[in-house]
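Here is a friendly walk through the structure shown below.

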Amino acid sequence: MTNSGDPLAIAMFVLVILVTLAITAWAARKTKTANEFYAAGSRISGAQNGIAIAGDFMSAATFLGITGLIFAHGYDIIIYILSPVVGLGIVLAFMADKIRNLGRYTFADVLSFRLKEKPVRITAAISSLAISLLYLMAQIVGAGALIQILFGLPYEIAVVIVGALMILYVSLGGMIATTWVQITKAAMLSLGIALIAILILAEAEFDLGVLYANSAALHANGRGLFEPGLHFHDPLASVSLAIGLVMGMAGLPHILMRFFTVPDAKQARRSVFFAVLIIGFVLSLIFFIVGFGAVSFLVGNPDFTGEGGGIMGGTNMVALHLSRYLGGPVLLGIMSAVAFATILAVVAGLTLASAAAISHDLYANVFRKDKTGEGREVLVSRIATIGVGITAILLGLAFEGQNIAYMAALAFTVAASANFPVLILALYWPGLTTRGAVWGTIAGLVIAIVMVILGPAVWVGALGNPAPLVPFEYPALFSIIPAFLTIWIVSITDPEHKSEASKKRFQEQLILSELGSGGI
Amino acid sequence: MPEYFFGGPEIDRNLLLYIQKRRRLSLIGGGSIFAVFFTLVLLIAFFPHVLLIPIGAAPGFNLGMLFAFLVLISIVILTGLYVRQTNRIVAAETMRLGEDK
């Protein structure tokens, strides 16, 4: 199915672009200082930031991918639904307000509070760039394919359009534009999913029993659709995925960066609550209603299935087929535009996190320490944004047709292994040393990348080998543990471990992390 | 950093108590969110048959779907309670530490 030539879909597509560009033009006038560029002047309210965090997290993979996964595998997908919400809960309980109190623009600010700045900033910037570029690449490849299907545009042009728009949003409007694009997208996505859920329930006489009975009657696995076992065949695979998604969520640089946009720790806590509320609302509708609704209305429907009985365009298109079934071309046009806005908002957040790692961590605080003015740092950020955007476009073109699932898996696994252990120990373990943090980050980064490459998605799926050397698609469990162990062993064997200066610095950090610079 | 927190042993002890209280709350809040979730993950991974127990006649009305719903609701409620409780403690301690000053 494509939407090419459908004037409504094209009109919605153009409308999304115009609205987001208008937001960018408005934001550009308000973006002058480094604080405005990286952190929206720290003037975003908790509720706004919570909606933006939800917008930052809920990518096209969430909307299209998870609906498709539920359509195919049913119950097991609950782990994908709950993990990000739990990840945010962990961020709330252990990190959000402390990060807000200790940092300014990036999570490397938090690490460098009591550790030696240069080495920890370099490793944190490298891991942030690796995570953001991997995630960005996955989004761009997915975006190109999606826009190609939705609007009939050639893949290359689709990738260039998305890349050019994200460069415009971030380089001109910085965090202010990114935040409001994310808020707009989160609102569109929540309303769109709610509308689809209501229409599904209306078709099923507002009776979940009727909906589920229809789904079970039509799905190849019958009642098995509502039971564990269709997606995970190995118990450790589900545990590893859950751990990876929870801790990965707490280590994603573009999510952590959002806590610097609020004025204080209280608003940081409030923002997590709003994010949990919105993500929980959207994902629960997708899990309990939309996914099974898709089974109920699309399986065996000749309008949406190919010759072999498979869904046209693959399971990623399930949500859009469902929109067409429920609301014809009008709802399809609206949901296509929502999917497009979803992509734009996520890539903008990722681009900003990548640019901040280059300009704030590497340029301003490592290579030109104390020698660069604020105006120059913002200029470097804008240049870095253009560089990151062009890199993402080139990567998107180079990886056309690749399985994007492993790139997203790699991003979460690296975030969980390289960023999360060092960040949580920096906040809570007085014994952490600079050497431990640096080697722990390197170990987490390398082990995660190697394990994903040797796993089923890359070793078998992309490289064509007969069997994987690592049996897990999401090996986070086995890369997080070595990362923690590396940090601990290197730290306890480091003379800095028991030094009085180190203890004193930790106490200062503890007080500031709890109270902030202006009191509690 | 507010000066009064370095004002003397009495103030420091109050601050320490405050930090301990916050940590306890973090552990209870974060721990319960993770425990609720991980119970379901472990059931899916190692004891899936428990989740197959029906709670109604129609397909999909089983313990697994009910647990999934309850876990999601619990996490949202626990998150809200944690934020409310933390804000309350922070506000009360701000007042107390301010009076000590």
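## Cavities

On a 1 Å grid over the protein atoms alone, a cavity is a set of points where a 1.4 Å probe fits but cannot get out, and its lining residues have an atom within 4 Å of a point. Grid points are joined across faces, edges and corners, and a volume is the space filled by probe spheres set on the points. In this predicted model, the rule gives 2 cavities of 30 Å³ or more.

The largest cavity holds about 60 Å³ of space. Its lining includes Y105(A), T106(A), F107(A), P253(A) and D361(A). Helix α14 (residues 318–367) of chain A gives the largest share of that lining, 4 residues; helices here are DSSP runs (H or I, at least four residues), numbered from the N terminus. By class, the lining of the largest cavity has 7 nonpolar, 2 polar and 1 charged residues, where Ala, Val, Leu, Ile, Met, Phe, Trp, Tyr, Cys and Pro count as nonpolar, Asp, Glu, Lys and Arg as charged, and the others, Gly among them, as polar.

The second largest cavity has a volume of about 40 Å³. Among the residues lining the second largest cavity are D56(A), H254(A), M257(A) and R258(A), and M257(A) also belongs to the lining of the largest cavity. The lining of the second largest cavity divides into 3 nonpolar, 4 polar and 2 charged residues.

## Where chain B meets chain A

How many residues of chain B are in contact with chain A? There are 49 from chain B, facing 54 of chain A, with contact taken as heavy atoms within 4.5 Å. The area buried between the two chains is about 4,400 Å², and carbon and sulfur atoms give 80% of that area. Buried area is the accessible area (1.4 Å probe) that two parts lose on being put together, summed over both.

Across this interface there are 2 salt bridges, a term for a side-chain nitrogen of Lys or Arg within 4 Å of a carboxyl oxygen of Asp or Glu. R22(B) and E514(A) form a salt bridge at 3.3 Å, N to O. On chain B, the elements giving two or more residues to the side that touches chain A are α1 (9–46), α2 (48–51) and α3 (63–100). That side of chain B has 36 nonpolar, 10 polar and 3 charged residues.

## Salt bridges overall

Over all chains, the whole structure has 14 salt bridges. One salt bridge joins R269(A) and D97(A), at 2.8 Å from N to O. This pair links distant parts of the chain, 172 residues apart: R269(A) sits in helix α13 (residues 265–298) and D97(A) in helix α6 (residues 96–102), both of chain A.

## Reading the values

Residues are numbered from 1 along each chain as its sequence is written, and chains are lettered from A in the order in which they are written. Local features need pLDDT of at least 70, side-chain atom pairs count only at pLDDT 80 or more, and totals for chains, interfaces and linings use all residues, while side-chain values use heavy atoms, with hydrogens and water left out.

Technical notes:
On a 1 Å grid over the protein atoms alone, a cavity is a set of points where a 1.4 Å probe fits but cannot get out, and a pocket is an open set with protein on both sides within 12 Å along at least five of seven lines; lining residues have an atom within 4 Å of a point.
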